[in-house]
Amino acid sequence: MKKLPIVLVLLAAVVALSAIAAAAKSTHHTKNLRPQSQSDHTATPIKHVVVIFQENVSFDHYFGTYPNAKNPPGEPKFKAAADTPSVNGLNHELLTDNPNAANPRRLDRSEALTCDMDHDYAAEQKAFDHGLMDKFVQNTSGSDCKNESLVMDYFDGNTVTALWNYAQHFAMSDNSYGTTFGPSTPGAINLVSGQTHGVTPSDIPDKVSNGTLIGDPDPAHDGCSSGTTVSFSGRNVGNLLNEKHVTWGWFEGGFKPTSRTDGKPVCGSSHKNIGGDEVTDYVPHHEPFQYYRSTANPNHLPPSSTAMIGQTDQANHQYDLSDFWRAADSGHLPAVSFLKAPAYQDGHAGYSDPLDEQHFLVQTINRLQRLHTWKHTAIIIAYDDSDGWYDHQMGPIVNHSSDPKYDSLSGPGMCGTAKPGAYQDRCGYGPRLPLLVISPYARQNFVDHSITDQTSVLRFIEDNWNLGRIGDQSFDAKAGSLDNLFDFSHGRRAHRLFLNPKTGEPSHRS
């Protein structure tokens, strides 16, 4: 047999080794590729949605005098651009001759830490008083507040400076509402499913009525829960995302256990707020996916690897906030992420405040803007409920309820008249809430006046990834679109705004 020249032998060996290396590289690459390839198939240029879901703020409480701040000496200054649009806020008459028992008063930075208000499903309806919006002092003042008129008061751009600056450079709404009346958990459930009905047990005083959630019991599928717990049937957006193989996760501060007792997680991490109070980071009733067996991570198990964050493994899409940054920094940012601050930074009156909240918002948004994925990202800042804080604007009532014990918006036992077959105790829309969109595709210095609600965020996700609807009377079928907050008509440069987390003032923009 004729021998091949040595050059050809060496060449053949090189080719063979190259093929083996390429195959190995391909196998390694395939291992790390997410099977959820549908994440990239979107109706808009947005490939990553990050929902920062904060706590207990009405629109007037943060934006009532936008864009006009008092600017006293010693506080961060806010001066609006000349072409800044106005909002439906607190005009001169509402500030000086309000129909409530007290006039709204400006709170400055020294008053950032306040007591908590009454934000129950029934109390808020009574405060609305048939749409007159004049019974807040009598019905939603905090029981622990020394000054019952505090419920009327508001911050301006010298305290919530970062949010006002984000509104200046991106887009916000002055016509967005809680999907229903009530506290934190109904708001969180509406965000992910638009359906607060389907609760077991079906009746718990002041928490569940007629199988509908109206209060804040802890989730049954959470090892860190305590006291009364409930679970939900039905579907949520996590189920829809899984069905379409789209990566997603809920990331909450303090979700990672500090220890385990008899196999159960202990969520014991904590931080001090600006008042020096030690606040436990994790709040079980703020974690909506833990109410559904299909999307729960009862034992707070960690993801099996960084590459699996956003995919289905033992963590089941429920994570600690630190896992979000592990994924983001390593190039594994999920398509849809819900971020929940540790409690001391979530804005909830009583244990948090706008200054601690500002640190979380600014540090999070600054960091997201530095990622290579920023050019296709939309950050949505939304809130779970109003805390009972005064807001002068009533939204449309798109869903009626007739519970003689808890409804009272249009008369005793009434929020209109529920249609036959409609689920009770879902009176809504509820109070007006802040809503902002921060993105290279967000309109700039823009105020949207179209009607939206918490399930508009759900609907945006559903439409962007073609997920379909929740069904079963979910509010997503009624939700207004967020599209008016965006400009998708032409390509946008990666517009960014970096703020100082302490002052909320711009450090630089690009």
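Tyr177 and Tyr429 are both buried, a term that here denotes under 20% relative accessible area, with exposed meaning over 50% and partly exposed the range in between (1.4 Å probe, protein chains only). The model is a predicted one, in which local features need pLDDT of at least 70 and side-chain atom pairs count only at pLDDT 80 or more, while totals for chains, interfaces and linings use all residues. Residues are numbered from 1 along each chain as its sequence is written, and side-chain values use heavy atoms, with hydrogens and water left out.

Rings of Phe, Tyr and Trp (its six-membered ring) pair if their centres lie within 6.5 Å; planes under 30 degrees apart are stacked, over 60 edge-to-face, and the rest tilted. The ring centres of Tyr177 and Tyr429 are 6.4 Å apart and their planes stand at 5 degrees, so this pair is stacked. It links distant parts of the chain, 252 residues apart: Tyr177 lies in strand 5 (residues 176-177), and Tyr429 in the loop between strand 18 (377-383) and strand 19 (435-438). Helices (H or I, at least four residues) and strands (E, at least two) are DSSP runs, numbered from the N terminus.

Tyr429 also forms a tilted pair with Phe475, at 6.4 Å centre to centre and 40 degrees between the planes. Elsewhere, ring pairs join Phe59, Phe63, Tyr66, Phe78 and Trp164 into a cluster.

Helix 4 (residues 121-128) is largely enclosed by the rest of the structure, because seven of its eight residues are buried. Those buried residues are Tyr121, Ala122, Ala123, Glu124, Gln125, Ala127 and Phe128. Helix 5 (136-139) is included in what covers them. After helix 4 comes Asp129, with a positive phi near 45 degrees.

An open sheet contains three strands in the order 6-10-9, with mixed pairing. Strand 6 and strand 9 (218-219) are the edges, each with a single partner strand, so one side of each has no neighbour in the sheet. Two strands pair if DSSP finds at least two bridges between them. Strand 6 and strand 10 (residues 229-232) run antiparallel and are joined by two bridges; Thr200 has Ser231 of strand 10 as its bridge partner.

The loop between strand 6 (199-200) and strand 7 (208-209) holds Lys207, which is partly exposed because its relative accessibility is 27%. Leaving aside neighbours within four places in sequence, Lys207 is in contact (heavy atoms within 4.5 Å) with Thr212, Leu213, Ile214, Gly215, Asp216 and Pro217. The C-alpha atoms of Lys207 and Pro183, 24 residues apart along the chain, are separated by 10.0 Å.

The second largest pocket holds about 220 Å³ of space. Of its 14 lining residues, Val398, Asn399, Lys419, Ala422 and Lys478 are the closest to its centre. A pocket is an open set of points on a 1 Å grid over the protein atoms alone, where a 1.4 Å probe fits, with protein on both sides within 12 Å along at least five of seven lines; lining residues have an atom within 4 Å of a point. The lining comprises five nonpolar, six polar and three charged residues.

Notes
Grid points are joined across faces, edges and corners, and a volume is the space filled by probe spheres set on the points. Ala, Val, Leu, Ile, Met, Phe, Trp, Tyr, Cys and Pro count as nonpolar, Asp, Glu, Lys and Arg as charged, and the others, Gly among them, as polar.
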